[in-house]
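Let's take a walk through this protein together.

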Amino acid sequence: MTELKRIGILTSGGDAPGMNAAIRAAVRGCIYYGIVPVVIQEGFKGLIENNMDVADARSVANIINLGGTFLKSARCQEFRSKEGRTKAYENARAAELGGLIVIGGDGSFTGAMLLEEEHGLPCIGVPGTIDNDIYGSDYTIGYDTALNTVVEAIDKIRDTATSHNRLFFIEVMGRDAGFIALNTGIASGAEDILIPEQEKNVEAFMESLKNSGRAGKTSSIIVVAEGDRGGGGVFELSRAVEEQFPEYEVKVTVLGHIQRGGKPSCFDRVLASRLGVAAVEALRNGDSGVMVGVRDQQVVKTPLERAISKHNQIDSTLMKVAEIVSI
C-alpha cells in the first residue's frame, strides 16, 4: 500500500448524471482510509487557479441524488499548454496531493495522462459521460440516466405522432457513438434508427419508409444520433422526406442537453459509488495512469492511453434486433 496523505478530486468535460455520486464516494472513500480528500472546483482550471478545498463527509451530504456536478466543470485552454500543466502540478504539489482522481471523458483523461507523464502525479480516471463510448467499462456514469430521459421524451412525442399521423425525427446525443440512439430507439419502438456506426444512405432510408407505409403505419418515430453521416443530418433528412412523402406531416425534435441533466438513476448512483471508491483504492494500491471501470460486473483497470485511443463498439446483435422489431 502507498502512503497517501491527500488526494485531489475533480470533474472535467461535459457533465453527466451521477458525477456527484462519484465525488461523494471518492471523498468518503478517502476518509474511510484515513486520507484527506481535497475537492477541486471547475476541473483543471481550478487546479491552475488553486481553487481547492479540504472536504469532509458532510461536505458531500445530500448530493447523491443531484444531477450535474457540484464541483462544476470548465474548459481550460491554459491547461492545453505545458506551461499551464506545470502550473497545475505546482499547485497540486503545494497542496501535498499524492494523487488525483479525474471524473470525466476521454478529453479529461488526456489531460490527466499528460499531467502524469510530464510531472509524475499519479492520476486515476473515472468514466463519466452519457455517450458510453469509453473503452474499458461496459457502462459509463450518466449513460443509464440519459437513456431513461430520452425514452420518456420519445414516449410523449409518440402520443402526438399517433394522434396526428405525423412523422417525427428525434435527434439524440452521440456525435461519434450511437449507443443512446440504438438503445432508446429499440426501447421506444422507433421505426428506424440512424447511427454513425452504420451509415444508411437516403435511398435506403426512403425505401424503409415505403415499407412502413405498406405495413399500414400512419405515423413514425425515427431516432437519429447527432453524428449520423448517412442522411446528411436530421434537418436535411426531414426535407427530403417531405418532398417524397407529402402525406406525412414531418416534425423534428432535437432533445439536446436535456439528456445530460436530471436526477441520476439507481443504476448510475450505484455505478458511480463503486467507481469512486475503486479510484481511491487504486491510488492506495500504487496504481497510476489507469481508469477504473466495470466489465462483467467486476471492477477493472484500463490504462488511460488505451481508454482514450479505443472506443466501445456497438453490439451488432442489437442492430439486428432493431431491424427485426421495427417491421
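Start with helix 4 (residues 106-119), which gives the largest pocket the largest share of its lining, six residues. Helices here are DSSP runs of H or I with at least four residues, numbered from the N terminus. Before going on, remember that this is a predicted model, where local features need pLDDT of at least 70 and side-chain atom pairs count only at pLDDT 80 or more, while totals for chains, interfaces and linings use all residues. Residues are numbered from 1 along each chain as its sequence is written, and side-chain values use heavy atoms, leaving out hydrogens and water.

Back to the pocket: its volume is about 990 Å³. Of its 36 lining residues, Gly13, Gly14, Arg75, Asp106 and Gly107 are the closest to the centre. A pocket is an open set of points on a 1 Å grid over the protein atoms alone, where a 1.4 Å probe fits, with protein on both sides within 12 Å along at least five of seven lines; lining residues have an atom within 4 Å of a point. The volume is the space filled by probe spheres set on the points. By class, the lining has nine nonpolar, 16 polar and eleven charged residues. Here Ala, Val, Leu, Ile, Met, Phe, Trp, Tyr, Cys and Pro count as nonpolar, Asp, Glu, Lys and Arg as charged, and the others, Gly among them, as polar.

Helix 4 also has a packing partner. Helix 3 (residues 82-94) packs against helix 4 at about 80°, with the axes 10 Å apart; axes are lines fitted to C-alpha atoms over the stretch in contact, and angles run from 0 to 180 degrees between N-to-C directions. The two helices are therefore roughly perpendicular, a label for angles of 65 to 115 degrees. Lys82, Arg85, Thr86 and Tyr89 of helix 3 touch Leu114, Leu115, Glu118 and His119 of helix 4, where contact means heavy atoms within 4.5 Å. Those residues divide into three nonpolar, two polar and three charged.

Now try helix 6 (residues 179-187), whose axis comes within 9 Å of that of helix 5 (residues 143-164) and crosses it at roughly 45°. Tyr143, Ala146, Leu147, Val150, Val151 and Ile154 in helix 5 meet Phe179, Ile180, Asn183, Thr184 and Ala187 in helix 6. This contact has nine nonpolar, two polar and no charged residues.

Note on methods: Parallel < 35°, antiparallel > 145°, perpendicular 65-115°, else oblique.
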